[in-house]
Amino acid sequence: MSNFSITDYLRTRGWRHISIILFVVMMGGVIGGIYFATQKVEYVWRWYRVPQYFYYKDTIETRAEIEGEVASLTPKGDQVEVLVRGEDEEELYQVPAKSVRVSEGDFVYPGDVLGSYQKWKVGILLQGLWLTLKVSILAVFLGIIIGLFTGLARISKNPALRWTAITYIELIRGSPLLVQIFIWYFVLGTMFNTLLAKQGMGQLSPLWYGVAALAVFAGAYVAEIVRAGIQSIHRGQMEAARSLGMTYPQSMGHIILPQAFRRILPPLAGQFISLIKDSSLLGIIAVRELTKATREVVTTSLQPFELWFICALLYLVLTFALSMFVQYLERRTSIGG
Amino acid sequence: MVKAENVYKTFYTTHKVEALVDVSCQIDKGEVVVIIGPSGSGKSTLLRCLNMLEKADKGHIYIDGVDILDPKTNINKVREEMGMVFQSFNLFAHKTVMGNLTLAQTVVRKRSKKEAEEKAIALLKKVGIPEKAGSFPDNLSGGQQQRVAIARALAMDPKVMLFDEPTSALDPEMIGEVLDVMKTLAQEGMTMVVVTHEMGFAREVADRVIFMDEGKIVEMGTPEHFFQAPTHDRTKLFLSQIL
Ligand SMILES: Nc1ncnc2c1ncn2[C@@H]1O[C@H](COP(=O)(O)OP(=O)(O)OP(=O)(O)O)[C@@H](O)[C@H]1O
Ligand SMILES: [Mg+2]
């Protein structure tokens with residue numbers, strides 16, 4: 001212990017410890033600062049109100065549907081069968097024994113409550129989260145397919161394919177996603193739904209135009225990622241495959257794409273994380289995804305601070321899960337160099 | 001077996017490069033032909049035109065009687081019968097040695113996995129590295145990689161083998177092991193077209209030597225003719241520089 005000095009400590013573990021402390025202090029400072037500021041504007045935090053927007057107990061009442069007299073109450077386990085006899089009809093209702101509100105001989109009118117039971121229901125935030133997840137998964141899936149084919153067309157020797165791909169990519173990348181969503185919904189959607197109506201068929205919901213907008217948008221970026229990935233594979237790989245008599249599609253499928261896939265994964269993950277976040281724009285065409293759901297809840301609950309933080313956190317959970325999944329894929333495909 | 005008639009190939013990049021100018025030659029069954037010449041003389045281009053990795057601009061190329069420049073020809077069918085070995089090996093990096101050897105057999109030749117693997121093992125024994133079947137190309141030495149590449153081409157039972165400077169990227173101590181494999185192949189009667197700077201190999205194994213310069217075939221003849229009595233000045237100059 002005699003030759004231990006503060007400089008030695010600093011040189012070894014000291015910096016690490018100081019950094020950790022600094023990090024904690026800064027984080028605490030930010031959170032504390034926000035809290036202090038909300039105190040100043042007299043905002044009352046009510047975190048306990050948040051869970052009900054995920055999952056809540058709903059009371060469902062069983063009501064009489066006819067006019068008549070309660071003829072009998074027959075217990076069945078913890079349920080009670082209520083028999084209502086009218087002038088020329090009879091109805092049998094089952095309600096939990098504890099909640100029965102009528103007794104034999106009572107006269108009931110349609111709409112009168114006979115009893116009630118409680119049921120867990122999915123709240124609006126969880127519904128929004130689920131819709132965001134659904135929209136994202138569909139758009140990612142379609143985006144990969146669109147991007148793969150566009151990327152292949154982009155490097156094709158056939159000028160018609162190549163120019164089509166370039167036009168598509170440039171159009172999509174050159175205009176804001178918000179505008180594209182409007183076009184998908186208000187222009188293409190209106191047109192398509194009118195055509196469907198003329199054929200006497202049902203309408204397509206905004207959800208699908210939203211998914212299309214996101215998928216087509218992501219597809220253009222994925223196409224460029226795919227193209228770069230394919231072109232990063234040494235051309236000797238393709239020549240070797242072709243010299244063995246493999247066709248172009250066989251060589252692509254067996255040799256080029258598997259190798260490109262590994263290099264494409266990180267930028268692809270970034271693209272799809274953007275897509276999840278961009279899905280928050282779909283609220284403007286009445287798709288009730290997470291952001292729109294949060295907005296609705298905020299207007300009824302008047303607890304914007306908690307809810308917007310929760311909303312951001314839920315997006316973080318989704319994007320983080322995606323990163324984890326991609327890291328897992330990367331590890332799996334890199335086995336054997 | 002292989003016949004080129006008045007083949008032309010020009011590249012247009014920053015400027016016009018006439019890589020092949022009126023090249024005609026013929027390689028018979030079982031023959032070993034070595035192509036030599038200075039850098040940029042069009043040796044690789046000629047070889048690559050033979051299996052359509054480059055498309056010749058003009059002329060005719062017949063492989064086993066089939067005109068490969070005819071648009072109606074299915075080039076994949078022709079390539080099945082021709083093996084090619086590259087300077088940079090070009091082994092499939094994401095597949096094991098076994099995977100490299102069996103892929104085209106199963107995909108193109110439609111062999112069963114078992115059949116393809118048996119063939120692969122036999123060929124790995126032939127090129128002297130049966131113990132490397134499970135390795136990935138990155139973990140092999142250059143000489144081993146090139147031997148795997150030769151085995152991969154042989155697995156398709158080709159009628160002709162094309163070699164484009166197969167030993168140029170190798171450390172000197174590994175050149176011998178690859179040349180030995182090629183010599184064995186030649187002795188077994190394989191038809192071979194070999195671009196190389198290994199004059200020892202040319203002298204020992206070649207039935208004929210072709211000397212190219214500036215996209216043209218300058219001189220063609222037996223190794224004895226070449227190394228003892230070359231006729232053209234260009235050939236003499238080249239040989240004096242390289243020997
Ligand atoms: N794909 C290509 N695009 C443009 N020019 C090319 C291409 N391939 C070859 N060339 C040019 O054609 C000429 C002949 O090239 P080639 O590769 O056939 O020569 P080589 O005899 O094989 O030379 P080396 O001994 O260096 O391999 C060179 O001038 C080269 O620059
Ligand atoms: Mg060359």
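Contact, as used in this report, means heavy atoms within 4.5 Å. The model is a predicted one, in which local features need pLDDT of at least 70 and side-chain atom pairs count only at pLDDT 80 or more, while totals for chains, interfaces and linings use all residues. Residues are numbered from 1 along each chain as its sequence is written, chains are lettered from A in the order in which they are written, and side-chain values use heavy atoms, with hydrogens and water left out.

**Core packing**

Leaving aside neighbours within four places in sequence, B:Ile61 is in contact with B:Lys3, B:Ala4, B:Val7, B:Cys49, B:Leu50, B:Ala56, B:Val66, B:Asp67, B:Ile68 and B:Leu69. B:Ile61 is also among the residues with the most contacts inside the largest nonpolar core, which has 100 residues; such a core is a set of buried Ala, Val, Leu, Ile, Met, Phe, Trp, Tyr and Cys residues joined through side-chain atoms within 4.5 Å. Helix H5 (residues 206-231) of chain A gives the largest share of this core, 14 residues. Helices (H or I, at least four residues) and strands (E, at least two) are DSSP runs, numbered from the N terminus. A second, separate core of 48 residues includes B:Leu101 and B:Phe227.

In strand S6 (residues 82-85) of chain B, B:Met82 and B:Met84 on one side and B:Gly83 and B:Val85 on the other are all buried, where buried means under 20% relative accessible area, exposed over 50%, and partly exposed in between (1.4 Å probe, protein chains only).

**Interface between the chains**

Chain A and chain B bury about 1900 Å² between them, 59% of it on carbon and sulfur atoms; buried area is the accessible area (1.4 Å probe) that two parts lose on being put together, summed over both. A:Glu239, A:Ser243 and A:Leu244 supply 31% of the area that chain A buries against chain B, more than any other three residues. One salt bridge is counted between the chains, that is, a side-chain nitrogen of Lys or Arg within 4 Å of a carboxyl oxygen of Asp or Glu, and B:Arg48 and A:Glu239 meet in a salt bridge at 2.7 Å, N to O. Helix H6 (235-243) of chain A is one of the elements that give two or more residues to the side touching chain B, and H6(A) gives the most, with eight residues.

| Residue | Phi | Relative accessibility |
|---|---|---|
| A:Glu42 | near 60 degrees | 68%, exposed |
| B:Asp64 | about 55 degrees | 42%, partly exposed |

A:Glu42 lies between helix H1 (6-40) and strand S1 (55-63) of chain A, whereas B:Asp64 lies between strand S4 (58-63) and strand S5 (66-67) of chain B.
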